[in-house]
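The sequence and structure come first.

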Amino acid sequence: MIRAVGLMFLAAAAAVRAAEPASFLRPGDRWLFVGDSITHNDLYREATEAVHRHFHPDVAVVFQQVGKPGATSAQAPGAVSERPTVVSILLGINNYINSSCRPGMPMAPFVEGYRKDIAAKVKEYRDAGAVVLLLSPTLPDETFGHGLYEVQGGGAFLRECAAVLRELAAADPEGVFYLPVQEEFEALQARVAPEEILRLDGVHPSALGQYQIARTLWRHLGLAAAPGGAARRLAPPAAPLPVTVSLKDRFLARPGDRPCLVLQAKTPMRVTATWSCGDRRGAAELDLADTPVEWTPELPPEALPARPGDLRRLVVALAAGGGHDVFVLDVSRVPVAHPVEGRINGTVESAKERAEGKTVGTWAARLLENGLLLEGEVFDAELRGDEFWPWGRDGVNLYLDLRPPARLAGVGFDSDVHIAILSVTDSPRFSSTLIPWVGRGMHLAADSGAERTAGGYRWHLFINHYFTKPRPVRAADLGVIGFSPLIVDRDAGGTEWHRGFDNGRAIDKYPNAFPILDFSGRFAGDSVTALHLFAAP
């Protein structure tokens with residue numbers, strides 16, 4: 001039976017490939033992803049690789065990223081010593097936010113500096129025999145006006161950078177190719193709901209934005225098609241199917257539950273569906289109509305995450321009549337905590353010995369009639385506030401997913417997902433400051449404070465006012481929330497970050513991994529599986 005399913009999958013995948021030109025990739029390729037922190041986050045590389053392996057599990061291609069946080073075009077990481085055959089370059093945002101270029105200044109010198117740097121990098125790789133993919137840099141969100149990054153005017157500069165990349169690609173059409181990451185990223189931002197944001201801090205794409213970058217790659221490179229064409233060419237993106245795909249449920253609460261997709265076609269049609277999750281895969285033929293049809297991929301139980309903190313990625317492809325679509329389903333096992341006598345308590349522990357002890361701090365959460373009270377104590381003898389980045393100063397970084405149930409635990413950040421930093425210092429005297437790093441309106445909605453103790457400090461955050469005038473804090477809306485504390489310990493010898501929950505992923509990029517505080521009794525047990533479907537319109 002397993003062999004039969006495998007043969008069906010291969011036949012179904014071949015049906016997709018037959019309708020496409022050759023994939024840009026070839027067996028034995030080494031793809032080097034060059035970039036800054038956006039590439040260093042490593043999600044768009046992971047998603048691109050997952051889609052390639054979905055269609056071609058036996059075609060050997062190496063996917064390697066060399067992103068360097070803060071890198072400008074002049075500091076582009078990566079070298080020919082990595083022996084790549086394909087190189088993608090996504091750089092530009094740091095040329096603006098880390099430079100003196102500002103609105104009203106002549107941009108030409110900065111744009112020409114970008115041109116010179118990228119042209120030199122392209123020549124280096126082309127001389128070594130690699131082909132180069134130039135990814136137009138993502139724009140900053142210029143509506144995000146309260147962060148450390150100076151984003152005003154960045155859009156105009158980075159559009160000029162994209163024009164430079166198009167010119168460089170046109171000068172070498174056999175070996176340099178332009179991919180419209182910037183343009184398709186902005187098109188998605190324009191289509192999603194107003195509260196959804198693809199750049200959590202105005203600059204860095206969340207997981208949702210990272211998936212959109214990957215989508216540009218897998219569509220324009222024709223990764224569904226058979227590898228090994230006579231010449232490398234970009235593929236005209238396949239026509240999307242007239243099919244909508246959604247989730248029946250966003251949470252799997254019972255043992256044995258599996259993700260169920262709801263599909264609906266504008267007109268009756270038969271589609272070939274394939275799925276893969278790591279090395280597990282399968283296929284099905286589905287008859288769709290203008291009424292919803294439910295389909296549950298036959299994933300074995302071991303393919304789903306079992307332990308809190310585990311994340312899996314399920315790739316689903318639909319094909320019919322020469323068109324196809326690819327969808328990515330994040331599957332995350334999330335811890336759930338329930339109140340005891342109205343209170344949920346936790347501790348933050350150090351992975352190594354500290355002078356103050358392995359317990360770095362405690363925290364507690366209470367849902368009151370008029371709001372949510374978070375409070376705790378940190379054990380830290382030395383308090384310093386002399387770090388440039390707010391999240392690197394002594395204090396407590398509070399990660400809060402306050403989205404309604406329909407969006408709770410999704411992979412994207414939006415205005416209802418918050419990173420609230422409560423920073424403390426002893427110099428020149430003890431003080432605390434609330435810094436709303438991500439999210440909208442926390443500085444309006446919350447009261448905060450801290451008091452020095454003999455062994456550290458006590459802190460509190462009481463969310464009880466208005467995020468905006470139309471959005472008051474209501475206890476009923478806070479019955480189920482995502483919450484994860486991170487305690488920063490900055491001493492003269494360096495800075496350490498201690499997480500209340502560590503799943504091995506960057507917590508500021510993956511809000512689907514926040515533990516859930518369930519004051520309403522919605523979930524039974526100590527964990528639940530959260531689902532998020534990336535189905536870009």
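Asp 42 is buried, as its relative accessible area is 15% (buried means under 20% relative accessible area, exposed over 50%, partly exposed in between, with a 1.4 Å probe and protein chains only). Asp 42 sits in the loop between α2 and α3 (43–55), and has a positive phi of about 75 degrees without being a glycine. Helices (H or I, at least four residues) and strands (E, at least two) are DSSP runs, numbered from the N terminus. The model is predicted: local features need pLDDT of at least 70, side-chain atom pairs count only at pLDDT 80 or more, and totals for chains, interfaces and linings use all residues. Residues are numbered from 1 along each chain as its sequence is written, and side-chain values use heavy atoms, with hydrogens and water left out.

Arg 83 also is not a glycine and has a positive phi, of about 55 degrees. Arg 83 belongs to the loop between β2 (62–65) and β3 (86–90) and is exposed, with a relative accessible area of 55%. Most residues other than glycine have a negative phi, and most peptide bonds are trans. The bond from Ser 427 to Pro 428 is cis, with omega near 0 degrees; Pro 428 is in the loop between β18 and β19.

## The sheet around β21

Five strands make up an open sheet with antiparallel pairing, in the order β14-β15-β16-β21-β20. Its edge strands, β14 (343–349) and β20, each pair on one side only. From one strand to the next the twist averages 15 degrees (axes are lines fitted to C-alpha atoms, for helices over the stretch in contact, and angles run from 0 to 180 degrees between N-to-C directions). Two strands are counted as paired if DSSP finds at least two bridges between them.

Strand β21 (residues 456–463) has six of its eight residues buried. Eight bridges in the antiparallel sense pair β21 with strand β16 (residues 371–379), where Glu 377 stands opposite Arg 458 of β21. Strand β20 (residues 446–452) runs antiparallel to β21, with seven bridges between them, and a hairpin of three residues connects β20 to β21. Asp 447 is opposite Phe 462 in β21, and Ser 448 has Leu 461 as its bridge partner in β21.

## Helix α8

Helix α8 (residues 207–220) contains 14 residues and spans 20 Å from its first C-alpha to its last, close to the 20 Å expected at 1.5 Å a residue. The expected span is 1.5 Å times one less than the number of residues. Because 13 of its 14 residues are buried, α8 is largely enclosed by the rest of the structure.

## The largest pocket

The largest pocket has a volume of about 660 Å³. On a 1 Å grid over the protein atoms alone, a pocket is an open set of points with protein on both sides within 12 Å along at least five of seven lines, and lining residues have an atom within 4 Å of a point. Grid points are joined across faces, edges and corners, and a volume is the space filled by probe spheres set on the points.

The lining of this pocket has 27 residues, of which Tyr 149, His 204, Trp 391, Asp 508 and Lys 509 lie nearest the centre. Elements that each supply at least two lining residues include α2 (37–40), β18 (417–425) and β19 (431–438). By type, the lining divides into 15 nonpolar, eight polar and four charged residues (Ala, Val, Leu, Ile, Met, Phe, Trp, Tyr, Cys and Pro count as nonpolar, Asp, Glu, Lys and Arg as charged, and the others, Gly among them, as polar).

Notes. 1 Å grid on protein atoms, 1.4 Å probe; cavity = no way out; pocket = protein on both sides within 12 Å on 5 of 7 lines; lining within 4 Å.
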